[in-house]
Amino acid sequence: MIVVSGFMEVTPDCAERFAACTRELVDATRREPGCVEYRFARSIERAERFEVFEEFVDQAALDEHLRADHYRGWNRALKNIEVTRVSIVRYVATERTVLA
């Protein structure tokens, strides 16, 4: 299992555009065969901060995601959005236990 977690921050005037183009990315990614979980969540403390959490069955599934047309299109869309901070970390998990 591959877990990706972190955040992206954009300028306040770009937050709505970022949310709109990211919503399309999330919808398409959730339909990928190797995707277990994929979400961006807007911070309740800072409207321009978006938390990201992803789970893929393995590295191959993540690699496939990064090559997908919808992901590459999202990256192109980001060129028109001022991203101010990014912190994304990849973890390799050996076990997944549902607690609730």
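Trainee: Where is Ile88 placed?
Mentor: Ile88 sits in strand 4; strands (E, at least two residues) and helices (H or I, at least four) are DSSP runs, numbered from the N terminus. This is a predicted model, where local features need pLDDT of at least 70, side-chain atom pairs count only at pLDDT 80 or more, and totals for chains, interfaces and linings use all residues. Residues are numbered from 1 along each chain as its sequence is written, and side-chain values use heavy atoms, with hydrogens and water left out.

Trainee: Which residues does Ile88 touch?
Mentor: Leaving aside residues up to four places away in sequence, Ile88 touches Val4, Ser5, Gly6, Phe7, Met8 and Val52. Contact means heavy atoms within 4.5 Å.

Trainee: And how far is Ile88 from Phe18 in space?
Mentor: They are 17 Å apart, C-alpha to C-alpha, and 70 residues apart in sequence.

Trainee: Switching to helix 1, which of its residues are buried?
Mentor: They are Ala15, Phe18, Ala19, Cys21, Thr22, Leu25, Val26, Ala28 and Thr29. Buried means under 20% relative accessible area, exposed over 50%, and partly exposed in between (1.4 Å probe, protein chains only).

Trainee: What do those buried residues pack against?
Mentor: The buried residues of helix 1 pack against strand 1 (2–10), strand 2 (35–42), strand 3 (49–56), helix 2 (59–67) and helix 3 (69–77).
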